Amino acid sequence: MKDLSQLRQEIDIIDRQLVALFEQRMAVTRQVGEYKLAQGLPVLDRSREEQVLAGKAAILNDSSLAADVTDLFEAIMAISRRQQQKLLDAHSK
């Protein structure tokens, strides 16, 4: 069995990867916001978000994590919407 220090080191490595992926996702989210701004589209696309949430739950290997992955992506998408809304607000002034 691994000791607590080893397990925490593993978590730290995973967290660094998650942060890098989050930054990548937010960069693409900004591009989506720019597209929506140019096309006059609203920030929120509820049907798209529902599809994303269902899709993430469907690709889980451990289905007992479905509620948790849904919570995770709801939070990520809320941050994405907030970022896009700031972009749209900045251009409407």
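Visitor: How much space lies in the second largest pocket?
Guide: About 270 Å³. A pocket is an open set of 1 Å grid points, over the protein atoms alone, where a 1.4 Å probe fits, with protein on both sides within 12 Å along at least five of seven lines. Points join across faces, edges and corners, and volume is the space filled by probe spheres set on them. This is a predicted model: local features need pLDDT of at least 70, side-chain atom pairs 80 or more, while totals for chains, interfaces and linings use all residues. Numbering runs from 1 along each chain as its sequence is written, and side-chain values use heavy atoms, without hydrogens or water.

Visitor: Which residues line the second largest pocket?
Guide: Leu18, Leu21, Phe22, Arg25, Leu72, Phe73 and Ile76. Lining means an atom within 4 Å of a point. Helix 1 and helix 3 each give two or more of these residues. Helix 1 has the largest share, four. Helices are DSSP runs of H or I, at least four residues, numbered from the N terminus.

Visitor: And by class, how do they divide?
Guide: Six nonpolar, no polar, one charged. Asp, Glu, Lys and Arg count as charged.

Visitor: Switching over, what volume has the largest pocket?
Guide: About 440 Å³. Its lining has 17 residues, and Arg25, Val32, Lys36, Arg48 and Gln84 lie nearest the centre.

Visitor: Which helix gives the most to that lining?
Guide: Helix 1, with five residues. Helix 1 (4-39), helix 2 (46-58) and helix 3 (66-91) each supply at least two.

Visitor: How many are charged there?
Guide: Seven, alongside seven nonpolar and three polar residues.
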